Amino acid sequence: MGEQEIVKVKPRYKRVMYIEDNGTDRWLFEKVAEQNNLAEETIIFSTLGEAKEYITTALQQPESFPDLIFCDLMLGNDETALDFAKYYYTAVPEEVKKRTTLVVISAHTTYSKELSVLEHMMTAGLINHFFEKPVNKTPEYFQKQMNVLQ
């Protein structure tokens, strides 16, 4: 009987950040990212303040800056992905933005407030992509969404 060879696939990204106020969605994203070997490191924040603090520090150490950033469209405390995108595009230098992808995730694409925020970000070029939650719909759905990023 031949020996089995274990092949370890390199993660798609070195570092991925996820900003999400819902604990269940954070847990779900972490599991899906792990199952799909998305990144060597996944950094998850529940508030924009935490994410902004990390970004500010990471700009001082470029090797710790995320390659891919996911942000929930509607966060708690009336914060939105638009608030994060505005911060990101003013605080982050162009050469860093060129190698980072910003993706907005939302389950609420049928409400007028959420749609207007999303449409504004898309037309203004503030985000690269939009994914619909939940991220674990099916493995095929997640793979299809991730393939859009390449």
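Trainee: What makes the set of 24 residues that includes Met17, Ile19, Ile55, Ile69 and Phe84 a nonpolar core?

Mentor: In this predicted model, the name rests on two conditions, namely that the members are buried residues of nonpolar kinds and that they are joined through side-chain atoms within 4.5 Å. This set of 24 residues is the largest such core, and Met17, Ile19, Ile55, Ile69 and Phe84 are the members that touch the most others. Two or more residues come to this core from each of β1, β2, α2 (48-60), β3 (68-72), α3 and β4 (101-106). Apart from it lies another core, of 12 residues, among them Val16, Ala39, Phe70 and Ile105.

Trainee: Which residues does phenylalanine 84 touch, once those up to four places away in sequence are set aside?

Mentor: Phenylalanine 84 touches Ile19, Leu48, Ala51, Ile55, Ile69, Cys71 and Leu102. Phe84 belongs to helix α3 (residues 81-91), where Ala81, Leu82, Ala85, Tyr87 and Tyr88 are buried as well.

Trainee: What makes threonine 80 a cap for the N-terminal end of α3?

Mentor: A side-chain oxygen of threonine 80 lies 3.1 Å from the backbone nitrogen of leucine 82, and since the limit for a polar contact between N or O atoms is 3.5 Å, the pair at 3.1 Å falls within that limit.

Trainee: Why is arginine 15 called buried?

Mentor: Its relative accessibility is 9%, and because buried means under 20%, arginine 15 counts as buried. Arginine 15 sits in strand β1 (residues 13-19), and, beyond its neighbours within four places in sequence, the residues in contact with it include Ala39, Ile43, Tyr54, Phe65 and Asp67.

Trainee: What makes β1 and strand β2 (residues 39-45) a pair?

Mentor: Pairing asks for at least two bridges, and β1 and β2 have 6, so they qualify, and they run in the parallel sense. Tyrosine 18, for instance, stands opposite isoleucine 44 in β2. Together with helix α1 (residues 23-35), these strands make a right-handed β-α-β unit.

Trainee: What pattern does the chain follow as a whole, and how many helices and strands does it hold?

Mentor: There are 6 helices and 5 strands, in the order β-α-β-α-β-α-α-β-α-β-α along the sequence. Of the 150 residues, 43% are buried, and residues 24 or more positions apart account for 73% of the contacts with a separation of 6 or more.

How values were computed. Residues are numbered from 1 along each chain as its sequence is written. This is a predicted model: local features need pLDDT of at least 70, side-chain atom pairs count only at pLDDT 80 or more; totals for chains, interfaces and linings use all residues. Side-chain values use heavy atoms; hydrogens and water are left out. Helices (H or I, at least four residues) and strands (E, at least two) are DSSP runs, numbered from the N terminus. Buried means under 20% relative accessible area, exposed over 50%, partly exposed in between (1.4 Å probe, protein chains only). Contact means heavy atoms within 4.5 Å. A polar contact is a pair of N or O atoms within 3.5 Å; within protein, one must be able to donate a hydrogen and the other to accept it, and residues adjacent in sequence count only if both atoms are side-chain atoms. A crossover is right-handed if, with the strands pointing away from the viewer, the path from the first strand over the helix to the second runs clockwise.
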